[in-house]
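Here is a friendly briefing to read alongside the model. Please keep the sequence and the 3D view open as you go.

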Amino acid sequence: MDSSALLRTLEKRIEHLEQRTELPKLMTPKQVCDFVGVSESKFYEWKRDGDVPPAIYWSERTVRYDRDDVIAWAESHKVGGAV
């Protein structure tokens, strides 16, 4: 692995670790929206379509999303993009 590829790999790892320290382990729907950068109405539209991370329901009105599931879900939506 050349030095530029190693540097890119390290930068991605640092970014991933920074995300994990900035986000709470259990996120509210609003926190997920803020992280992804979409409105709550768009998020609930995706939810109706079945395209959101797995949820933890503490009650009918108390929903949380695991940070690691949210990050994995967001990364699963990457398309194309040359390195």
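The points below cover the sheet, a pair of helices and the aromatic rings.

This is a predicted model, in which local features need pLDDT of at least 70 and side-chain atom pairs count only at pLDDT 80 or more, while totals for chains, interfaces and linings use all residues. Residues are numbered from 1 along each chain as its sequence is written, and side-chain values use heavy atoms, with hydrogens and water left out. Helices (H or I, at least four residues) and strands (E, at least two) are DSSP runs, numbered from the N terminus.

**The sheet**

- Three strands make an open sheet in the order β1-β3-β2, with antiparallel pairing; two strands pair if DSSP finds at least two bridges between them.
- β1 and β2 are the edge strands, each with a single partner, so one side of each has no neighbour in the sheet.
- Strand β1 (residues 26–27) pairs with strand β3 (residues 63–66) over 2 bridges in the antiparallel sense, and here L26 stands opposite D66.
- Strand β2 (residues 55–57) is joined to β3 by 3 bridges, again antiparallel, with R64 of β3 as the bridge partner of I56.
- β2 and β3 also form a hairpin, with 5 residues between them.

**Helix α2 against helix α3**

- Two packed helices are described by the angle between their axes and the distance between the axes.
- For helix α2 (residues 29–36) and helix α3 (residues 40–48), the axes come within 9 Å and cross at roughly 105 degrees. Axes are lines fitted to C-alpha atoms, for helices over the stretch in contact, and angles run from 0 to 180 degrees between N-to-C directions.
- On the α2 side, P29, K30, V32, C33 and V36 make the contact, and on the α3 side E40, F43, Y44 and W46 do; contact means heavy atoms within 4.5 Å.
- These contact residues divide into 7 nonpolar, no polar and 2 charged (Ala, Val, Leu, Ile, Met, Phe, Trp, Tyr, Cys and Pro count as nonpolar, Asp, Glu, Lys and Arg as charged, and the others, Gly among them, as polar).

**Aromatic rings**

- The whole structure holds 3 aromatic pairs. Rings of Phe, Tyr and Trp (its six-membered ring) pair if their centres lie within 6.5 Å; planes under 30 degrees apart count as stacked, over 60 as edge-to-face and the rest as tilted.
- One of them is the edge-to-face pair of F43 and Y44, at 5.7 Å centre to centre with 80 degrees between the planes.
- F43 is buried at 1% relative accessible area, whereas Y44 is partly exposed at 32% (buried means under 20% relative accessible area, exposed over 50%, partly exposed in between, with a 1.4 Å probe and protein chains only).
- F43 also pairs edge-to-face with Y65, at 5.6 Å centre to centre and 85 degrees between the planes.
- That pair links distant parts of the chain, with F43 in helix α3 and Y65 in strand β3, 22 residues apart.
- Y65 is buried, at 0% relative accessibility.
- Through ring pairs, F43, Y44 and Y65 are linked into a cluster.
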